[in-house]
Amino acid sequence: MTPPALRGARLAPPTLPVPTRPLVTLDTPVQYLKGAGPALAARLRALGIERVGQLLFHLPLHYEDRRAFTPLAQLRDGGRALVRARIEHAQVRFAGRRSFQVSVRDEQDGWLLLRFFHFNAAQAAAFVAGRWVRAFGNVRAGRGGPEMIHPEYRVADVPEALPPEDALTPSYPLTAGLTQQRLRTLIAAALEVASGDAAFGAPLPGLEGPATLEALRVLHAPGSGEDAARILAGTHPAQQRLIDEELLAHQLCMRALRRRVRSHVALPVPGLAAALPDLEGRLGFRLTGAQRRVLIEVARDISRPAPMLRLVQGDVGSGKTVVAAGALLAAARAGLQGVLMAPTELLAEQHAQNLARWLEPLRAPVCLLKGALKRAQRRNALAAIVAGDAAVVVGTHAVLEEATRFSRLALVVIDEQHRFGVQQRLALRDKAPGGVTPHQLVMTATPIPRTLAQTLYADLDVSVIDELPPGRSPVTTVVIGAQRRDQVLARIGAACAEGRQAYWVCTLIEESEVLEAQAAEVAAQKLTAELPALRVGLVHGRLKPAEKEAQMQAFKRGELHVLVATTVIEVGVDVPNASIMVIENAERLGLSQLHQLRGRVGRGAVESQCVLLFQPPLSDLAKQRLDVLRQTQDGFAIAQKDLELRGPGELLGRRQTGDVG
């Protein structure tokens, strides 16, 4: 019953709690940042941005210079420009595709058409004749003159309300439904959050330049004058500071991985030094001083009960496989197993043949495991591995499969390290007996400047084979335009008549109208017609393994004069009688890859040649790259120049999965 005092009174509605936004920190989900929300957060997720702090490191791809207007009469097709002009006429057109077109004219009487395919009524209403517009975008040649499609713009009643920018304008990677302006606003809000975060502002000892937050402010909102010039040149201290921090983060990640792996237990492998005289007897040649030095380092590591983690890098033909053979022989003599993993079946097959020739007479049985084995062969190989009868296993990614089980795996050798990621390397440790981690020896034939190698592979000790075996003939490199192809054919014909052989490398398998590169199949047909006295073979990645092997073996036996191939022969192929390497469209390949291909010749006693055929005209960068190959055969010098010309790329980030390659 209602009390008398309350009869006829109006009751106040109950007070509901007011929803509050959480206190925003750098760890807060981005949807709670001012100006964001669930829908925008879903779009940002496509860029890998889920928390406020990740916005800070979503750095500009490049910067737009909007600090000065370009007269409309000076616009150039394909350029980007900032313009300011008076609106003359605006209309919606329905010819073909519906569009909104705005004709503008500047004070110098230049003319431009702004075209929009996506617009609403409010946007269209803003473009009134007599008003002024500032627009920035790509210029293209239209039917009636220059055009901009969907430029960034602002409209005002007087030109003074539309000044140019005071500083550079950052341009970010985007995703559908997200504009540059919206992203800039969100990043500015994230910078405000960071300014109140004491931990984020804590100094990092040992790093020079501006603090992290100040460096981020400069890169997201650059100033003008000298700051702008240095940012555009990539030399600003803020850019260097973030580069240093990225390298430091990479080092710490790799060091943590190294510390974790080295806390595990490994099976000691003694006797490597004692096995070397027997191995040299099978090789038929003396080891170089560099090979001996590296073998001593490996012997010291694998004799310990902690897992070895060592990178062996050396130039093309420096004899890295022999170092691997010594370690594998020591493991076999200790009653243990070793595995060598190669990135391609062709390379795995060649390694298996060489190791069998060297090691099996020393009572170290070698087994080849690859995806193309017949069912019975595969079953027998897996049985030999699990029983321990195969002391040395050579294979491709097939060795990582669950069905591949080892008896006493103690050593893992990985060839062409840059073709594998960290996780693939570490996956092999699960193949060892319970509680044991195998020693790891990884090799790369892509020389890397030593300081860079120590940065990239901070989880590994680094050994360098910086000496080539005696008997390697010099390789003369020439750079020739495709119009002189007939001279190259004549040289190949003369060399083959003297009993030598040649490679002809193409960059594509099938004809491409877009890329102007000769496909390997077409090149083989042309060479057969142009050199009718010679036998021409063909190898590329789409051939069945048996066909590929048959062609390679025929070339090694001297039954083919010329082998046309794609870059599948880049690594591992060894035919001492081949003395000419022709690389078509050489301007399309990187320095390291060209150097690897050149290393397929010069393996015998006869002087060899590498012919770099290019399609003119050459860009300045392509000229520099090809000149480097012509002037030096030092793989480490080439790698250093390659780094200078191309830059190091991204060490860590979304565009790089696994380890740096």
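Buried means under 20% relative accessible area, exposed over 50%, and partly exposed in between, with a 1.4 Å probe and protein chains only. The model is predicted: local features need pLDDT of at least 70, side-chain atom pairs count only at pLDDT 80 or more, and totals for chains, interfaces and linings use all residues. Residues are numbered from 1 along each chain as its sequence is written, and side-chain values use heavy atoms, with hydrogens and water left out.

**Exercise 1.** Check the span of helix H7 (residues 237–262).

Solution. Step 1: the expected span is 1.5 Å times one less than the number of residues. Step 2: with 26 residues, H7 should span 38 Å. Step 3: the end C-alpha atoms of H7 are 37 Å apart, which agrees. Step 4: buried residues of H7 include Leu-242, His-250 and Met-254.

**Exercise 2.** Give the strand order of the open sheet of 7 strands and find its edges.

Solution. Step 1: the order is E11-E12-E10-E13-E14-E9-E15, with parallel pairing; two strands pair if DSSP finds at least two bridges between them. Step 2: E11 (366–369) and E15 (461–465) each have a single partner strand, so they stand at the edges, with one side of each left without a neighbour in the sheet. Step 3: 5 bridges join E9 to E15, and Gln-313 stands opposite Val-464 in E15. Step 4: 4 of the 5 residues of E15 are buried.

**Exercise 3.** Classify the packing of helix H8 (residues 272–283) against helix H9 (residues 289–302).

Solution. Step 1: the two helices pack at about 140°, with axes 10 Å apart; axes are lines fitted to C-alpha atoms, for helices over the stretch in contact, and angles run from 0 to 180 degrees between N-to-C directions. Step 2: angles under 35 degrees count as roughly parallel, over 145 as roughly antiparallel, 65 to 115 as roughly perpendicular and the rest as oblique. Step 3: H8 and H9 are therefore oblique to each other.
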